[in-house]
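User: I have a model open and would like to go through it in short questions. Please keep the answers plain.

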Amino acid sequence: VRDVNSIELRFQSAVLYAAQQSKAHTRYPVPPDCPPLVQKGECHVNFVRKEQCSFSWDWGPSFPTQGIWKDVRIEAYNICHLNDFTFSPIYDKSAQAWNLEIEATFDVVSSKPVGGQVIVAIPKLQTQQMYNLELQPGKRIVELFLNISKNITVETWWPHGHGNQTGYNMTILFELDGGLNIEKSAKVYFRTVE
């Protein structure tokens, strides 16, 4: 990262790229070569990592997309960076309570361990927990387990027509050494599948 930075993006036709990749791949066939003629779609879409229905489907026309999916930016950091965080709700039948497994992935560029604490809160469920952590240099994964009191009523998410799609706002705040605060928020939905 310099004082002045730039990002250059070059786009190529997804249709042409898929055709080129298909032609170069000779080890085994990758079906389907093309969609049924009635769909008037594009061929070899299994060779490009894009939304497959953009190239036609039985319910829609062929409009292959092109462009940037998410925001593009240059980021600089000298302590650590939160690359990603995911979470999974888990219902414990024996305890009749909900829990949340949280996984955060960090890139720690500091040469020394980075300590601090994490605060996870879901206000509508009257839930807040604090954890201490120490991140060693390198790529690190932090796993947290959030317990939700069984005395709190958790409304579950239901498919359309079967009930409400209740979601809960969750914040996760990493307060780390060097005055580094990283805060993320997400909507959490509780459901089970049988």
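User: What is the relative accessibility of I74, and how does it count?

Analyst: At 40% relative accessibility, I74 counts as partly exposed. The scale, computed with a 1.4 Å probe and protein chains only, calls a residue buried under 20% relative accessible area, exposed over 50%, and partly exposed in between. Please note that this is a predicted model, in which local features need pLDDT of at least 70 and side-chain atom pairs count only at pLDDT 80 or more, while totals for chains, interfaces and linings use all residues. Residues are numbered from 1 along each chain as its sequence is written, and side-chain values use heavy atoms, with hydrogens and water left out.

User: Where does I74 lie?

Analyst: I74 lies in the loop between strand 2 (60-62) and strand 3 (80-92). Strands are DSSP runs of E with at least two residues, helices are runs of H or I with at least four, and both are numbered from the N terminus.

User: Which residues form the nonpolar patch with I74?

Analyst: The patch on the surface is formed by V1, I7, L9, F11, I68, V72 and I74, and together they have about 660 Å² of accessible area. Patch members have over 30% relative accessible area and no salt bridge; nonpolar side chains (Val, Leu, Ile, Met, Phe, Trp, Tyr) are joined within 5 Å, and like charges within 9 Å. The areas come from the Shrake-Rupley method with a 1.4 Å probe, and for residues only the protein chains shown count as cover.

User: Salt bridges next. How many are there?

Analyst: The count comes to 4, where a salt bridge is a side-chain nitrogen of Lys or Arg within 4 Å of a carboxyl oxygen of Asp or Glu. One of them joins R73 to E75, with the closest N and O atoms 2.5 Å apart. R73 counts as exposed at 55% relative accessibility, and E75 is partly exposed at 36%.

User: What is the partner of E8, and at what distance?

Analyst: E8 forms a salt bridge with R10, the closest N and O atoms being 2.6 Å apart. E8 is exposed at 59% relative accessibility, and R10 is exposed at 72%.

User: And K139, which side chain does it meet?

Analyst: The side chain of K139 meets that of D107 in a salt bridge, 3.7 Å from N to O. K139 belongs to strand 7 (residues 138-147) and D107 to strand 4 (residues 97-108), so this pair ties together parts that are 32 residues apart in sequence.

User: Is D107 buried or exposed?

Analyst: D107 counts as buried, at 13% relative accessibility, whereas K139 is exposed, at 58%.

User: Changing topic: how many residues of strand 5 are buried?

Analyst: In strand 5 (residues 114-122), 7 of the 9 residues are buried, so the strand is largely enclosed by the rest of the structure.

User: In what sense does strand 5 run with strand 6, and over how many bridges?

Analyst: Strand 5 and strand 6 (residues 127-135) run antiparallel and are joined by 9 bridges; strands pair if DSSP finds at least two bridges between them. V120 has Q129 in strand 6 as its bridge partner. The two strands form a hairpin with 4 residues between them, and Q126 in the turn has a positive phi of about 50°. Strand 5 also pairs with strand 8 (residues 168-176), in the antiparallel sense over 6 bridges. There, the bridge partner of G116 is L176.

User: Backbone geometry, then. Which residues does a cis peptide bond join?

Analyst: The cis bond joins P31 and P32, with omega about -10°. P32 lies in the loop between helix 1 (14-24) and strand 1 (55-57). K40 is found in the loop between helix 1 and strand 1 as well, and its phi, near 50°, is positive in a residue other than glycine. K40 counts as exposed, at 68% relative accessibility.

User: What is the phi of Q96?

Analyst: The phi of Q96 is near 50°, again a positive value in a residue other than glycine. Q96 is found in the loop between strand 3 and strand 4, and it is exposed at 57% relative accessibility.

User: Finally, which domains does the assignment give?

Analyst: It gives domain 1 (9-72) and domain 2 (80-188), with bounds from an automatic or database domain assignment. Their centres, taken over C-alpha atoms, are separated by 37 Å.
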